[in-house]
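User: I am new to this structure and would like to know how its labels are decided. Please show it and take me through them.

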Amino acid sequence: MRKYGGFVPGIRPGESTAIYIDNILTKLTTIGALYLTLVCLMPEFLIANYPIPFYLGGTSILIVVVVAIDTVTQIQTRLMSSQYEQLIKKTKFGR
């Protein structure tokens, strides 16, 4: 960050910034690890506690979730692109 002149607003440069970034990364990593653990263990708990057959494993659920998120992101990108094109046409920049 120092090389490019970046800073974190409200945090003093130097060691305070390093500690702040380390805390943020630790929290994000912990939350991500807990999420992955939950996704991978959920099918096992469902199989053990309920008599219904459950054919998806943790990895399959993770793939489904990632594909769903990617699909929503692509839809949002197309909608924003369409709105941007309409704005350009209204302001007559895009002739």
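Analyst: The largest pocket has a volume of about 160 Å³, a volume being the space filled by probe spheres set on grid points that are joined across faces, edges and corners. This is a predicted model, where local features need pLDDT of at least 70, side-chain atom pairs count only at pLDDT 80 or more, and totals for chains, interfaces and linings use all residues. Residues are numbered from 1 along each chain as its sequence is written, and side-chain values use heavy atoms, with hydrogens and water left out.

User: What makes a set of points a pocket?

Analyst: On a 1 Å grid over the protein atoms alone, a pocket is an open set with protein on both sides within 12 Å along at least five of seven lines; lining residues have an atom within 4 Å of a point. Among those lining the largest pocket are Met1, Phe7 and Thr17.

User: Why is Met1 called partly exposed?

Analyst: Its relative accessible area is 49%. Buried means under 20% and exposed over 50%, with a 1.4 Å probe and protein chains only, so a value in between is partly exposed. Met1 is found in the segment before α1.

User: Is Arg78 buried or exposed, and how do you know?

Analyst: Arg78 has a relative accessible area of 68%, over the 50% cut-off, and is therefore exposed.

User: Why is Ile24 called partly exposed?

Analyst: Ile24 has a relative accessible area of 34%, which is between 20% and 50%, so the label is partly exposed.

Terms used:
On a 1 Å grid over the protein atoms alone, a cavity is a set of points where a 1.4 Å probe fits but cannot get out, and a pocket is an open set with protein on both sides within 12 Å along at least five of seven lines; lining residues have an atom within 4 Å of a point. Helices (H or I, at least four residues) and strands (E, at least two) are DSSP runs, numbered from the N terminus.
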